[in-house]
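Biologist: Can you walk me through this one? I'd like to begin with the ligand and then look around.

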Amino acid sequence: MPDAVLLRTEGLTRAYGSLIAVAGVDVSVKRGELRSIIGPNGAGKTTFFRLISGETAPSSGRIWFDGKEITGLPQHETARLGIAKSYQITNVFPHLSVLENVRVAVQGYARSFNFWSRSDGLTDVRERAVKILDSIGLASKLDMLAAHLSHGEKRHLELGIALASDPALLLLDEPTAGMSPEETDATMLLIRELAAGRTVVLVEHKMKVVMRISDRITVLHQGQVLAEGTPEEIRTNARVQQTYLGASR
Ligand code: ATP
């Protein structure tokens, strides 16, 4: 039986000179969980993400994913093992169609990692790309140039690109940044739907989003875990109120 915990860090630390961006973080995320990481600016959220995805190597501490230690593995290795990250900065190709954007990502993944030799029954890159676009609500816009999508739709397409590798763990960096309230609501629904079949960890500044969609929340402050719990536990946590939520109202 697979381990109930998909991602675990122990004493995870990253220093930049004398500044300790992430300072001894212990986090456990269960399979199928939707976990949000929150905290004030400079709390270490982005650095924590980079450590998990392998973009940045830790100064000390350890990371396990799906029962294997991944400490210090580069991003292409963590991607191969099933970790995908959707970036804050847009990584959509504007002059390709919506379908091409996802098709290229699916094909790239298939080539790099022999995806099609796996016995998952999917044999066609286009079919897989269309299926992904259907799951993110863009099936009716397959032939549209990505440049012509709204901001919210572009962010959804980024999600589609991240899903190309069918990751076990999806890392989302501020998925609703720059979105209107309507786009934010639609994206929240979409993330919940996507989370039904996989584990999602996200960094998000909008408290309304975090409180509504998370199973559990980790609050970082000055590189350390200030609190962890359900949305209700975090909302009513006195330390979180004092150091973060009170200040962010
Ligand atoms: P924000 O909400 O503003 O994005 P954050 O919680 O994501 O902040 P990080 O971006 O992880 O915080 O930054 C944590 C600390 O580490 C900050 O003081 C930041 O200036 C510093 N830091 C991050 N990356 C680097 C780097 N490459 N070199 C030097 N210092 C860095």
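This is a predicted model: local features need pLDDT of at least 70, side-chain atom pairs count only at pLDDT 80 or more; totals for chains, interfaces and linings use all residues.

Biologist: Which residues are around the ligand?
Modeller: Tyr-16, Leu-19, Ala-21, Pro-40, Asn-41, Gly-42, Ala-43, Gly-44, Lys-45, Thr-46, Thr-47 and His-205. By class, that shell has five nonpolar, six polar and one charged residues.

Biologist: Which helix gives the largest share of the shell?
Modeller: Helix 1, with three residues. Helix 1 covers 45-53, and strand 2 covers 19-30. Each of these two supplies at least two residues of the shell.

Biologist: How far is the polar side-chain atom of Thr-46 from an oxygen atom of the ligand?
Modeller: The distance is 2.7 Å. Asn-41 also has a polar side-chain atom facing a ligand oxygen, at 3.3 Å. For Ala-43 a backbone N or O atom takes part, and it lies 3.0 Å from an oxygen of the ligand.

Biologist: How much of the ligand does the protein bury?
Modeller: The protein buries 61% of the 640 Å² that the ligand exposes when taken alone.

Biologist: You mentioned strand 2. What does strand 2 pair with?
Modeller: Strand 1, residues 5-16, in the antiparallel sense over nine bridges. As one example, Leu-7 stands opposite Val-29 in strand 2.

Biologist: What is the strand order in that open sheet?
Modeller: The order is 2-1-4-5, four strands with antiparallel pairing. Strand 2 and strand 5 (68-69) are the edges, and each pairs on one side only.

Biologist: What holds strands of a sheet together, in general?
Modeller: Strands pair through backbone hydrogen bonds, either parallel or antiparallel.

Biologist: Where is there a parallel pair here?
Modeller: Strand 6 and strand 7 pair that way, over four bridges. Strand 7 spans residues 169-173. Ala-84 has Leu-170 in strand 7 as its bridge partner.

Biologist: Which way do the residues of strand 6 point?
Modeller: Ile-83 and Lys-85 point one way, and Ala-84 and Ser-86 the other. In a regular strand the side chains alternate between the two faces of the sheet. In strand 6 (residues 83-86), all four of those residues are buried.

Biologist: New topic. Is Asn-101 buried or exposed?
Modeller: Asn-101 is buried, because its relative accessible area is 2%, and the cut-off for buried is under 20%. Asn-101 sits in helix 3, residues 98-113.

Biologist: What does the side chain of Asn-101 reach?
Modeller: The backbone nitrogen of Phe-93, at 2.8 Å. Not counting residues up to four places away in sequence, Asn-101 touches Val-92, Phe-93, Leu-96, Ala-146, Leu-157 and Ile-161.

Biologist: And Val-130, where is that?
Modeller: In helix 4, residues 125-135. Val-130 is partly exposed, with a relative accessible area of 24%. Leaving aside neighbours within four places, Val-130 contacts Leu-99 and Leu-142.

Biologist: How far apart are Val-130 and Leu-142?
Modeller: Twelve residues in sequence, and 7.8 Å in space from C-alpha to C-alpha.

Biologist: Let's zoom out. How many helices and strands does the chain have?
Modeller: Nine helices and ten strands. The chain has 249 residues, and 48% of them count as buried.

Biologist: What about the accessible surface of the chain?
Modeller: About 11500 Å², with 51% belonging to carbon and sulfur atoms.

How values were computed
Residues are numbered from 1 along each chain as its sequence is written. Side-chain values use heavy atoms; hydrogens and water are left out. A residue is near a molecule or strand if one of its heavy atoms lies within 4 Å of it. A polar contact is a pair of N or O atoms within 3.5 Å; within protein, one must be able to donate a hydrogen and the other to accept it, and residues adjacent in sequence count only if both atoms are side-chain atoms. Accessible areas come from the Shrake-Rupley method with a 1.4 Å probe; for residues, only the protein chains shown count as cover. Ala, Val, Leu, Ile, Met, Phe, Trp, Tyr, Cys and Pro count as nonpolar, Asp, Glu, Lys and Arg as charged, and the others, Gly among them, as polar. Buried means under 20% relative accessible area, exposed over 50%, partly exposed in between (1.4 Å probe, protein chains only). Contact means heavy atoms within 4.5 Å. Two strands pair if DSSP finds at least two bridges between them.
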